[in-house]
Amino acid sequence: LGDLDAQFSVRHLPACESTNSVLMDAPPADDGRVHVVLTDRQTAGRGRRGRQWQSWQGGSLTFSALWRFDAGAPVPAGLSLVAGLALARTLEQLGVAGVQLKWPNDVLIHGAKLAGILVELLPGRGRTPAAIIGIGVNLSLPPTATIEGQKAVTDLQRELGRDVDRDTLLAALLRELHGLLTTYAAAGFPALRAAWEQRNAFAGLPVSILGEAEALQGTCIGVAEDGALLLRGEDGVRRILSGEVSLRAA
Ligand code: ATP
């Protein structure tokens, strides 16, 4: 990471159940650095709402970063959008075409899911508020991989026609994350909103929002200043907060 070396501490585990859980269960002391847990083999990766995230030894980048906000700062919503944007920009720098963001937390390439992001807040207990940002990127999926619940999935090898070194990708992504999270901590999501909107996979398209008692239908018209999804339906524009809902093409 060159000039950023002093700002990160990367702990490498040959195997673990979930890199988010490693940080959640035993958060490293606050020494001013961003603590990262990287694993070669994640055996019980989690998605949102109890879903599973699958990864393959040698075929995935799987890590979590613990980001601490300044004391007293409210831990803002919208962090998973920032993490998605950091990954999108990193991929674009590598030459990946067709990178899109699906609210709130997915990175798609031409509509196929390449990566998953799970942001969890670390309970404060009087300390500085902190967020655990977990990211899984498919580098090369085994030909036999079966992933339920997705119309299409992809990997970086397929998108670029070449192998991408995991640790090189991690370093580039941490650099981008550091830059965007610094902006976010100082100026909030409004400073990054336009960049997110440019890559919105569903801008202007009809979508369904699943997860509430009743599915909502409408047109995705963008994201608000706090990262909420803006959905235009028959009775006007509704704000959808992330967390317990999923977006689908209608
Ligand atoms: P969705 O992506 O279906 O809208 P979500 O955002 O709630 O839902 P996540 O928490 O990001 O989902 O990820 C979990 C889902 O991702 C799983 O239910 C599965 O469909 C899919 N998935 C799991 N592993 C992979 C993988 N390696 N590549 C692509 N998709 C995966």
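## Cavity, pocket and ligand

User: How many cavities of 30 Å³ or more does a search of the whole structure find?
Analyst: This is a predicted model, in which local features need pLDDT of at least 70 and side-chain atom pairs count only at pLDDT 80 or more, while totals for chains, interfaces and linings use all residues. Residues are numbered from 1 along each chain as its sequence is written, and side-chain values use heavy atoms, with hydrogens and water left out. A cavity is a set of points, on a 1 Å grid over the protein atoms alone, where a 1.4 Å probe fits but cannot get out. For cavities of 30 Å³ or more, the search of the whole structure gives a count of 1.

User: Which element gives the most to the lining of the largest cavity?
Analyst: The largest cavity holds about 40 Å³, a volume being the space filled by probe spheres set on grid points joined across faces, edges and corners. Its lining (residues with an atom within 4 Å of a point) includes Phe-8, Trp-67 and His-178, and by class it has 8 nonpolar residues, 1 polar and no charged. Helices are DSSP runs of H or I with at least four residues, and strands are E runs of at least two. Both β5 (60-68) and α4 (166-187) supply at least two lining residues, but the most, 4 residues, come from α4.

User: What is the volume of the largest pocket?
Analyst: A pocket is an open set of points with protein on both sides within 12 Å along at least five of seven lines. The space taken by the ligand is the largest pocket, a molecule being placed in a pocket if more than half of its atoms lie within 2 Å of the grid points. By class, the lining of this pocket has 10 nonpolar, 19 polar and 9 charged residues. The volume of the largest pocket is about 680 Å³.

Notes: Ala, Val, Leu, Ile, Met, Phe, Trp, Tyr, Cys and Pro count as nonpolar, Asp, Glu, Lys and Arg as charged, and the others, Gly among them, as polar.
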